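Here is a short report on one protein model. Keep the sequence and the 3D view open while you read.

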Amino acid sequence: MTKTIRLTMAQALTRFLSRQMTEIDGKRMPIFGGVWAIFGHGNVAGIGEALYQVREELPTFRAHNEQAMAHAAIAYAKANFRRRFMAATSSIGPGALNMVTAAALAHVNRLPVLFLPGDVFANRLPDPVLQQAEDFSDGTATVNDCFRPVSRYFDRITRPEQIMPALNRAMQVLTDPAECGPVTLSLCQDVQAEAYEYPESFFAERVWHQRRPRPDRGELAAAVAALKGAKKPLVIAGGGVLYSQASGELAKLVQGAGIPVCETQGGKSSLPDDHPLNMAAVGVTGTSAANRLAEEADLVLAVGTRLQDFTTGSWALFKNSGKTIIGLNAQVFDAGKHWALPMVADAAEGLAELGAALKGWKAPAAWTDNAMKGKTAWQADAGKVTASINAAYPSDAQVIGAVQRAMGSGVILLHAAGGLPGELHKLWQAGAPGSYHAEYGFSTMGYEIAGGLGVKMAKPDEEVVVMIGDGSYLMLNSEIATSVMLGLKLTIVLLDNRGYGCINRLQMATGGANFNNLLKDARHEVMPDIDFAAHAASLGAIAEKVPSIAGLETALAKAKDNSRTTVLVIDTDPLVSTDAGGHWWDVAVPEVSVRPQVNAARKKYEEALGDRQG
Ligand SMILES: Cc1ncc(C[n+]2csc(CCOP(=O)(O)OP(=O)(O)O)c2C)c(N)n1
Ligand SMILES: [Mg+2]
């Protein structure tokens, strides 16, 4: 006889989650770091009661906004290189839909997170329940169907026993390096509370290990042959290098073969900034050191990257028409992009096998030497734009310089949207793998503060520095209060340029009038003058507006000793960004317009389109 235990579906679910383990550096620990929850009628009695039962093994955290709590969960997984993750549960309707943007963020960035939104009654008897959207023709449709296109696996739980195969599948997706992404189990409210005789074996402790697929022999041989024939090879390191913790193998391969490396936003910190072969950022927000090599490269070894438009300059960057791209990626969809020679494998395994096969082979010394010269030239350019000045409105780059001087490279630096991603990608000198945390797959305004909180939960002993614009701050800042409540300190540097500076600059570059981006250019009766320091202080942070770059450095040095989240606000110039480095990006300009500036921008745009490789 199978031994069973009578539990509600929600109790079975939380008990199961609390028993899933992993091993990191030989230490066994729960794979779920906890559950973020905001309760409503759709989950308080079911999941809420069940989370209380396991609160010691599987802690529950309360947030102020469902999107933000999901951001924290996702950042936690990213900071853990996808080895550990979290769940996020909401009520039905608005609470659930607040998580959909975060689901898309995790989907784009290939990050594991378990969404547990409440759903309408499976028995339909109370319909329409509070917050139910009614479809006149489809009785099975609920708002939670919005999770389908942004989940790697979606299921609606309409019977209590169904949770068993669903959780089996969920764990496969969350722990697989290729499939990895958000899982949504939509939990009908009545079913959460329904009991079933679950087999005890379902709750046995399971240990999940990271799968590291090795390359196919044929694909490996083709990649080695292509590399050996290369005169101008270049590696692009993407986020997959970090998730695979392949930095050591990457360094070994490129040092052995003299191949320069450049990094995507997701891959930055794969090698430390001061590694002589690290040309740093590539693409639209790239360094001159990386981009001039990308233009000439005859072989591009793309490791663990989605090759998004910011990396490829909308496919106008790699100008060598005879080039070969090798796609080393755990996911076949990415490995074969743009007619690349696919090499489907874990990054560390793939790099190790390439390194072994290439032993003794070296790229022409002139190519490697030329790369290192370019790096020295770039460092001189970067030093100029990040140097300290005494101006009322410093640039983002000058603020970055101040943060770097005050905090060094030993912190975890986090950002997501606005002008900062471009500036930081070029200019931040990253240290250890994972010390640069960019959410630039979805570039979600409002990721920053909650994301910082998730990173701090994953790495409580590290100093987490969040850099954020005024626009992003105003969109989602509530988890400052949560960070104070949980005693998890963040250092937040808020750059106030009084509006959406980067989009205003993009508007001007595409011939547009200054319109609806900076606060001064938006329809208003009263010009806003927002006191960000007072706002942050009201949420419990230590907050200060600093008068200058020097003032920021002093305040940052002081903030190191603060035990509470600290927000430092500095006024900045909305019109300046770093010209050095960089590459064209495809932003469609109108074909006809009454504005001559738009027509002129269109002409330039059409010329640039001619550079795009097929
Ligand atoms: C949720 C979301 N809405 C809109 C955008 C488009 N967008 C990208 S940056 C930006 C402005 C950001 O303003 P701020 O945070 O002040 O940074 P700044 O551009 O001034 O550096 C906007 C609207 C986005 N990335 N995310
Ligand atoms: Mg701004």
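This is a predicted model: local features need pLDDT of at least 70, side-chain atom pairs count only at pLDDT 80 or more; totals for chains, interfaces and linings use all residues.

Residues are numbered from 1 along each chain as its sequence is written, chains are lettered from A and ligands numbered from 1 in the order written, and side-chain values use heavy atoms, without hydrogens and water.

Helices (H or I, at least four residues) and strands (E, at least two) are DSSP runs, numbered from the N terminus.

## Metal site

Which residues coordinate the magnesium ion (ligand 2)? The donors are Asp470 (OD), Asn497 (OD1) and Gly499 (O), at 2.0 to 2.1 Å. Donors are N, O and S atoms within 2.8 Å of the metal (3.2 Å for Na, K and Ca); water is not among the atoms, so sites may look incomplete. In sequence, the donor residues follow the spacing D-x26-N-x1-G. Aspartate 470 and asparagine 497 link distant parts of the chain, 27 residues apart. Aspartate 470 is in helix α19 (residues 470-475). Asparagine 497 is in the loop between β21 (491-496) and α21 (501-509). Both aspartate 470 and asparagine 497 are buried. Buried means under 20% relative accessible area, exposed over 50%, and partly exposed in between (1.4 Å probe, protein chains only).

## Ring contacts

The whole structure holds 13 aromatic pairs. Rings of Phe, Tyr and Trp (its six-membered ring) pair if their centres lie within 6.5 Å; planes under 30 degrees apart count as stacked, over 60 as edge-to-face and the rest as tilted. Tyrosine 198 and phenylalanine 202 are stacked, because their ring centres are 6.3 Å apart and their planes are at 20 degrees. Tyrosine 198 and phenylalanine 202 are both buried. Tryptophan 584 and tyrosine 605 make a tilted pair, 6.4 Å centre to centre, with 40 degrees between the planes. Tryptophan 584 lies in the loop between β23 (566-571) and α24 (596-609) and tyrosine 605 in helix α24, so this pair ties together parts 21 residues apart in sequence. Tryptophan 584 is partly exposed, at 22% relative accessibility, whereas tyrosine 605 is buried, at 9%. Ring pairs also join Phe16, Tyr196, Tyr198, Phe202 and Phe203 into a cluster.

Two charges sit over rings, meaning NZ of Lys or CZ of Arg is within 6 Å of the ring centre and within 35 degrees of the ring normal. Arginine 55 lies over the face of tyrosine 52, 3.8 Å from the ring centre. Lysine 268 places its charged end over the ring of tyrosine 436, at 5.3 Å from the centre.

## Threonine 578

Is threonine 578 buried or exposed? Threonine 578 is buried, with a relative accessible area of 10%. Its place is in the loop between β23 and α24. The side chain of threonine 578 makes a polar contact with that of glutamate 423, at 2.5 Å. A polar contact is a pair of N or O atoms within 3.5 Å; within protein, one must be able to donate a hydrogen and the other to accept it, and residues adjacent in sequence count only if both atoms are side-chain atoms. Leaving out residues up to four places away in sequence, threonine 578 touches Val385, Ala397, Glu423, Lys426 and Leu427. Contact means heavy atoms within 4.5 Å.
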